[in-house]
Amino acid sequence: MYSKAEDMRRTVVVAEDEITNLLLLGGILSIEYNVLTAENGVQALKILKENAGRISLLLTDLIMPEMNGFDLIRTVKADPELEKIPIIVLTSSGDAKTEVECLRYGAVEFLPKPYGMPATILARVQRIIELSEDKSIIQATEKDLLTGLYTNGYFLEYALRLEEHHHERDYDALVLDIDRIKTLGDLYGEGKANRALQLAANEIIGYLADVHGIGSRFNQNTFYLLCEHQESYECLIQTIERSFSALDTDVRLSMRLGILPHIRNEEFSSDVMGQFMKAAAACSSLKAGGPSSIGFFDEKLQEQKRLKESLLKDFDQAIEQRQFVVFYQPKFSIEEKPSLRSAEALVRWIHPERGMISPGIFIPLLEQNGLIQKLDRYVWEEAAWQEAEWKKRYGISVPISVNVSRIDLYDPHLVQTLRSIVERFKLDFDEYLLEITESAYSSDMAQMLDVIGRLKGEGFRIEMDDFGSGYSSLTRLTDMPIDVIKLDMSFIRGLEKDVKKQDLVEIIIAMAKKFGNLVVAEGVELEEQFNILRGFGCDVAQGYYFSKPVPADEFGKFIEQKCMQEGRVC
Amino acid sequence: MLTIDALKAFGANTEEGMGRCLNNEAFYLRLVKMIPQDKNFSRLYDCICSNDLEGAFEAAHALKGALGNLSLTPIYNKAVEITELLRNHTQMDYAPLVSEIKALHSKLIELCSD
């Protein structure tokens, strides 16, 4: 029985007619290998055939009876079963012509006679076997079996080398996605989907040959390509699309091609994957499922992405360090002498490194990443505290409205949370108003009705924010138990110049009032707008006409004015 | 009986030859004992007699390898000399060189005989 180590020993064949040489070399090699010996080429070939697939190396003399070494090498290299066996020729030193001939036939190395010392022979033999095995592994793994394109790791390595060896060339990095491959597979079977990938790959391989490029199937339906810069890749897309006609299906496959043109040598060398990620970003920015399209990497887009990632990372610390600051924008009654009615709490992020960050950037980002609730709670607490402070300081109440995000409405503890805030800061419900954006109402009517009903039941006043900004339904005015509608600023922008808009606003205000809702106009910037709204009977105006959102300290002046108007001593 | 000392006296580089044989003296001596019977000696002599320089080259070439591997220096040097002459198809009287090889061959036979 063989031991494990015995099983792992590689087998080598020595062909040599000189018996002393054969015994000597066999003795040396048997330290590390199983050695099979032959006294001529015919015997050697027979041994090789009988042990096909198990021989790691052939060492052969050249001058032998029956079949000489040259014929043996030629025969082995012509036999598909044996061709991958590396061959070392045992030769006399100094015969350059013979050595060149052997290399041409397919030998990889020479062992000159007299032989070197055993350690040297064993080291050389080991190296040759390793190189050969490495080569076999590479050949077996470097190509994707389905498409014949490189596999990922090899592609990135070869791409790096290609670019390094041809610094002078101008290369583009490309990422190509084929859409609806999965649909094709679901409807017609995996074989059809694979066929589509093969058709695409065949065209890619043909194309790359013309543009000195290499390509890889990076995952299921994504290809990474590196090739010399081209002004247009339309022909690649069209060629692949044409090849899909052979599939004979109803599924219309399309492609998205993302391009990073003119890759920079130093960036490519230091971060090859990063360059393809840029092309991938260009690819994913294209609309999936539509007609085939081509897009280029946009540094600005990438910068925005990076900024967003960085902001998400900083968010928790920003909450802890109170980098979020609540600003307040006053709302004034629309009358001859407007007076301060209330304020809307609006959050700002004062980032220690980036300065003031627009809510237009961070609010949608936090909404998309499930962090908005945490920020909302922060603002709710802060605004309630501020309201209590103002009451204490000025002796009058200036109601503050806070925004409730759509996702908050699904929180089973929402009502309890808001109630506890109001109670904790000893506020009345009409001092702490809730703004819920109109779009929230369209998602789940029953759920919204339930939550808003419960909030109303507690005593909260509800303002429908951004009314008219989305797919508005006037029936909401009757269905929803709301107190206030806030006309979206898009109605107010240009109101003074647009008669039709004026008619529309007039009707909405009239209708809202008919249903008993107070109307607030957002984004009022001009006196003309204010006067038109006044004429329509709008109740409250908010916008730069009065003030931009300001920090709490600055807001104090509006309260002081109100005190003066009302003859109070603050 | 063949000994290392006798081979040294013959002029063999026994340290080198033994090194190739993994410093196994018995293995080395066993291989050396096979040399006198090497058929390439008689082939070389016959081919030279019949002026078959190609055949003589093959025989000399084979002997050169075996003698070199065992570091039997005096006879190896002669084998190298005649091999190179034959490789270049040198037309000459090979008899004196063959006689020298034969003499060394005979010495080796003598050393190897019990």
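**Exercise 1.** What percentage of the 114 residues in chain B is made up of buried residues?

Solution. This is a predicted model, in which local features need pLDDT of at least 70, side-chain atom pairs count only at pLDDT 80 or more, and totals for chains, interfaces and linings use all residues. Residues are numbered from 1 along each chain as its sequence is written, and chains are lettered from A, ligands numbered from 1, in the order in which they are written. A residue is buried if 20 or more other C-beta atoms, placed from the backbone, lie within 10 Å of its own. Buried residues account for 42% of chain B.

**Exercise 2.** State the secondary structure of chain B.

Solution. Helices are DSSP runs of H or I with at least four residues, strands are runs of E with at least two, and both are numbered from the N terminus. Chain B has 7 helices and 0 strands.

**Exercise 3.** Describe the side of chain B that touches chain A.

Solution. Two residues are in contact if their C-beta atoms, placed from the backbone, lie within 7 Å. Chain B gives 17 residues to the contact and chain A gives 15. Helix 2 (14–20), helix 3 (25–34) and helix 5 (53–69) of chain B each give two or more residues. Helix 5 of chain B has the largest share, 8 residues.

**Exercise 4.** Find the strand order and the edges of the sheet in chain A.

Solution. Strands pair if DSSP finds at least two bridges between them. The open sheet has 5 strands in the order 2-1-3-4-5, with parallel pairing. Its edge strands are strand 2 (34–38) and strand 5 (109–113) of chain A. Strand 4 (residues 87–92) of chain A is joined to strand 5 of chain A by 5 bridges; Ile88(A) has Glu109(A) in strand 5 as its bridge partner.

Methods. A residue is buried if 20 or more other C-beta atoms lie within 10 Å of its own, exposed if 12 or fewer, and partly exposed in between; C-beta atoms are placed from the backbone.
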